[in-house]
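Please read it alongside the model.

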Amino acid sequence: MASLSQTASLLLRLAARRRTGAGAWVTAREAFWIALEALRAHKLRSILTLLGVVIATTTLIAVMSIINGMNLYIADHIANLGANVFIVHQWKWAQGYEAWLKARRRNKPVRIEEFEFLRESLKGYKSIGASAGLHNSDTQARYQGHTLYDVGVSGVTPNMIDIGQQKVESGRYITEADYQHESMVCFVGRDLVDDFFPSVDPLNKEILVNGIPFRVIGVAQKIGSTFGESQDNFAQIPLTTFRKFYSPRPSLAVSVQAWNARQMLVLEDEVRALLRARRHIPYREDDTFGINASETIMDTWNMLMGTIFTVTIGIVAVFMVVGGIVIMNIMLASVTERTHEIGIRKSLGARRRDILMQFVIESSVMAGIGGGIGVLLAFLVSRIVDYFFTSTVPLSAVLVGLFLSTAVGLFFGIYPASKAAKLDPIEALRTEN
Amino acid sequence: MSEERDRRTAMATQVASSSMQETLTPSDGVIIKTDNLWKTYDMGEAIQVHALSGVSFEIERGEYVAIMGPSGSGKSTLMNLIGCLDTATRGTYWLNARLVSELSDDELAYIRNKEIGFVFQTFNLLSRASALHNVELPLIYSGMPAKERLERAEEALRKVDLADRMHHKPNELSGGQRQRVAIARALVNNPSIILADEPTGNLDSGTGEEIMALFERLHQAGNTIVLVTHEHDIAAHAHRIIHVRDGRIERDERVE
């Protein structure tokens, strides 16, 4: 009967535990406590141990942030050509350097006759415009002794304001009349206004663009700066005027706007067919021009970034493995150092899995903290890079970084932890430290 | 979490059922019963060393027993077996009416946690943890929630008159105080037996007497105490002495 009552009492004790639902959580909390205590007790050693994981996490997040920043930039400033717009130019934008060099050698610029040909031959488009820029020359703008350098001077057709993403802030854009009469007028960016006319109305003032006088007729809305370069440092003039004064046969970027996305694809095909026929490009040979649309730019860009990202993943993986091995090494030393402690815990009723969990949690917490430090460092790096270039930390990168570092700690903690868990309690208690 | 619970339940049922099978062998009130315990170490080349050769004895609930013998007598081996730190090569061992010989590692850990309170010669406290946390450890491994655990640990420290020192680390305590923390830790989970291995070995004789007085008090309060020692003076505090020599029980005497 005694045994029955003992069984009953045991079951009662178990029932009490079931009610509180503690169990694993209690021992896990103890393990967290031990982990933090161990980190606190060996600060320098922990930091040195975590260096690998910290560097790996920082690298991962920093690269992801920079790529993310560039993606945002490309999406916002290069691939954002306008609604249902594609641009025909000498080459494709945002492609690999090799491909660009090849295109530069082989492709022919899009000339004014080709623009006119497309305008006449293409059917059903919403509008078609063209622009040409001054290249390879130091451009400057002057007004009453003030000089601005590296001004982006371009000649445009009047409908470019509707096709592109520019907005008029004050005054007006270049009109059909300006275009027809080769007027000496210009539409300028914010930078010129800030520099030349900080307190006066810029409209109808005359500025010198590369020594030629132009009347300011309108000011564009501020765009801001990217890659550390201002996007508001420009002056646009009628394409006809541009040809007359700067370059009679410029290389054009022809913008075609469709009514909708589906028609855009049709128009792209038609433009390709028309230009290939006009340029007598034999069947099977590549285009000698590039058709740029938002999606294709993004696709090529993402492919490029994908390569960079893959390389980064490889490097990070190596760092992580090295970091993990360092952690494993330190954990093995820690197990040896704490053999006596393990013996004590076992004598008090810690099971194998309790000890296993203690050390696995310790290495995970350690690596996780390393990941956390890495995240903080990455934020710092991102801020610095953003100052010169562009970088935005994506939340996904932070999560991936933290998860990955913790997982590395967990994985490389398993071997030392299982070694600790298998220790014989008597032997362990006998070990002096 | 529920898996964890299931495992613990399963283990407890297994332990409980093992007690059901062998219930009738030890009689009521017997807390420890060993029957023909052998512990043999293989030293290779077919050389065998018998640390214990056929030890049988019973200890009743509430007894205060000393196991005495010179070094090499096998008393440490016997203590390890009684303490469920090790298993016998041959023979059976019941603790609190449960057959604990031939249990697995984790099951032994469970028994150690529930049924045995260790007091060691070298105290074996965690040096980086406070006295309170040291006393909490057995409760942590039985999965007790924090609030209840804290109450029980404080209660145990009060029993050994260390309530005012509970937040001190072991290195801030004297030897006698450390041993009292260890005793509180041994008491905290209400074990069936308190197993003390040379508890005064690292203390001066004055402090040793204090500790022995504390054991006497615990005995008076109804605890079963098993004391392992090689010192006559210490063994003399117990009410029964089991003399061990060459792996056998040499003499089993009652002291009044």
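**Strand β8 of chain B**

T224(B), V226(B) and V228(B) point one way from β8(B), while I225(B), L227(B) and T229(B) point the other way, and all are buried (under 20% relative accessible area, 1.4 Å probe, protein chains only). This is a predicted model: local features need pLDDT of at least 70, side-chain atom pairs count only at pLDDT 80 or more, and totals for chains, interfaces and linings use all residues. Residues are numbered from 1 along each chain as its sequence is written, chains are lettered from A and ligands numbered from 1 in the order in which they are written, and side-chain values use heavy atoms, without hydrogens and water.

*Strand pairing*

- β8(B) spans residues 224–229 and is mostly covered, with 6 of its 6 residues buried; strands are DSSP E runs of at least two residues, and helices H or I runs of at least four, numbered from the N terminus.
- β3(B), residues 64–68, runs parallel to β8(B) and is joined to β8(B) by 5 bridges; strands pair if DSSP finds at least two bridges between them.
- V65(B) has V226(B) as its bridge partner in β8(B).
- β7(B), residues 193–197, also runs parallel to β8(B), with 5 bridges.
- I193(B) has T224(B) as its bridge partner in β8(B).
- From β7(B) the chain crosses through helix α7(B), residues 205–220, to β8(B) in a right-handed β-α-β crossover (with the strands pointing away from the viewer, the path from the first strand over the helix to the second runs clockwise).

*Helix packing in chain A*

- α2(A), residues 24–41, and α13(A), residues 352–388, pack at about 50 degrees with axes 8 Å apart.

Definitions and conventions:
Buried < 20%, exposed > 50% of the residue type's maximum accessible area, 1.4 Å probe, protein only. Axes fitted to C-alpha atoms, helices over the stretch in contact; angles between N-to-C directions.
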